Each structure stands twice: as C-alpha cells, then as structure tokens.
Amino acid sequence: MAFRLCQLSARLIRHPILLSNVRASSAAHGPPVNQHEGKTGVPTASMPDGLGHAVGLERQELLMKLSGNEDPFEMKVTKIPADNKRTNPITVYCMEPSRMVGCVCEEDALYINWMMIHRGEKRRCECGYWFNGVAYDEGGSSHH
Ligand SMILES: [Zn+2]
C-alpha cells in the first residue's frame, strides 16, 4: 500500500497538471468547469471604441452627435435677432433649474456679461436683450 502511494505521488509530481484535472472532475464539486470561460477573447472581437468606453453624459453626447445633433448641450453661440424683445426672447434650454449665459452686449464688446437664467423665467440683460429659460426636454427637441 505504501509503495502504491509513493508511486501515485511520484506520478503526480511528474505530472502536476493532472492534480487540477482530478480536482475539477471530482463528483463532489459537480461537473468540470472551464475556469477561463468568457475571459478569452473572441477572434472577431476587438477593443471597444470611444463610444464603447464612454459612460454617462459623455456617452449621451456621443449618441446625440451620432443621431445628427451637433450641439447637444446648446453650447454654440446664438446670434440675437433684431426683433428680440420681451415677447420674443432668446430661448435658453436648461438641463438644470438654472443655467449660466453670457451675453456679448455689443458687437465689438471686449467682455461677456454673464448671468443666471432660471427655468420658466424671462430675464433681460443690461443691454436690453431678453432671454427665456426653458426646460431642456420641453417641446421634445433642443433644435430651434
Ligand atoms: Zn447683454
């Protein structure tokens, strides 16, 4: 018996990989399990692109740009029309309850007049231009 144990252990030392195979296929622990299942790459798969890595607002911005909206957060400069008045204000879409807006009051002004625009409120800049805070999802789209 001792001789058989020595023979077995000598065989296990010579072939150490056999031990894990025996453990994996023992009936007490269920059927054999491939420890690397799902961890190895598929030959056709590659690294995710920027969209695949992006999360949260960055992902939302990329998706909106893919759908054709080049200015998803309304960051582009808006030229104020000549007929701007209290009853025809510039629409400012707000994702938050309020939004910071900069007004270049005159064409050759060297500074920007910053002010907070609140949702549902009209506000007049010192220069006389009117702005109206609107929730971003009002009207279904931010395009105007
Ligand atoms: Zn102004």
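This is a predicted model: local features need pLDDT of at least 70, side-chain atom pairs count only at pLDDT 80 or more; totals for chains, interfaces and linings use all residues.
**View 1. The zinc ion sits in a tetrahedral site with four cysteine donors.** The protein donors of the zinc ion are the SG atoms of C103, C105, C125 and C127, which lie 2.2 to 2.3 Å from the ion. The angles among the four donor atoms are 105 to 114°, and the site is therefore classed as tetrahedral, since four donors need all angles between 85 and 135 degrees. For comparison, the ideal angle for four tetrahedral donors is 109.5 degrees. Along the chain, the donors of the zinc ion follow the spacing C-x1-C-x19-C-x1-C. Because C105 belongs to the loop between β2 (98-103) and β3, while C125 belongs to the loop between β4 (122-124) and β5 (130-135), this pair ties together parts that are 20 residues apart in sequence. C105 has a relative accessible area of 13% and is buried, and C125, with a relative accessible area of 2%, is buried as well.

**View 2. Strand β2 has alternating side chains and pairs with β3.** Strands β2 and β3 run antiparallel and are joined by six bridges. Which residue of β3 is the bridge partner of S98? The partner of S98 is H118.

**View 3. A nonpolar patch lies on the surface.** The patch is formed by M100, V104, I112, W114 and M116, which together have about 480 Å² of accessible area. One of these residues, M116, is found in strand β3, which covers residues 113-118. M116 has a relative accessible area of 31%, so M116 counts as partly exposed.

**View 4. A salt bridge joins E61 and K65.** The structure holds one salt bridge, and in this pair of residues the closest N and O atoms are 3.5 Å apart. Both E61 and K65 lie in helix α4 (residues 56-66), where they are four residues apart, about one turn of the helix. E61 is partly exposed, at 25% relative accessibility, and K65 is also partly exposed, with a relative accessible area of 33%.

**View 5. E74 and M75 lie in the loop between α4 and β1.** In E74, phi is near 55°, a positive value in a residue other than glycine. Is E74 buried or exposed? At 17% relative accessibility, E74 counts as buried, whereas M75, at 66% relative accessibility, counts as exposed. The C-alpha atom of M75 is separated by 9.8 Å from that of V101, although these two residues are 26 residues apart along the chain.

**View 6. The protein chain has four helices and five strands.** Read from the N terminus on, the elements run α-α-α-α-β-β-β-β-β, and among them are helix α4, which holds E61 and K65, and strand β3, which holds M116. The chain has 144 residues, and buried residues make up 19% of them.

Notes. Residues are numbered from 1 along each chain as its sequence is written. Side-chain values use heavy atoms; hydrogens and water are left out. A salt bridge is a side-chain nitrogen of Lys or Arg within 4 Å of a carboxyl oxygen of Asp or Glu. Helices (H or I, at least four residues) and strands (E, at least two) are DSSP runs, numbered from the N terminus. Buried means under 20% relative accessible area, exposed over 50%, partly exposed in between (1.4 Å probe, protein chains only). Patches are made of residues with over 30% relative accessible area and no salt bridge: like charges are joined within 9 Å, nonpolar side chains (Val, Leu, Ile, Met, Phe, Trp, Tyr) within 5 Å. Accessible areas come from the Shrake-Rupley method with a 1.4 Å probe; for residues, only the protein chains shown count as cover. Donors are N, O and S atoms within 2.8 Å of the metal (3.2 Å for Na, K and Ca); water is not among the atoms, so sites may look incomplete. Four donors count as tetrahedral if all angles lie between 85 and 135 degrees; four count as square planar and six as octahedral if opposite donors are over 155 degrees apart and all others between 65 and 115; anything else is irregular. Two strands pair if DSSP finds at least two bridges between them.
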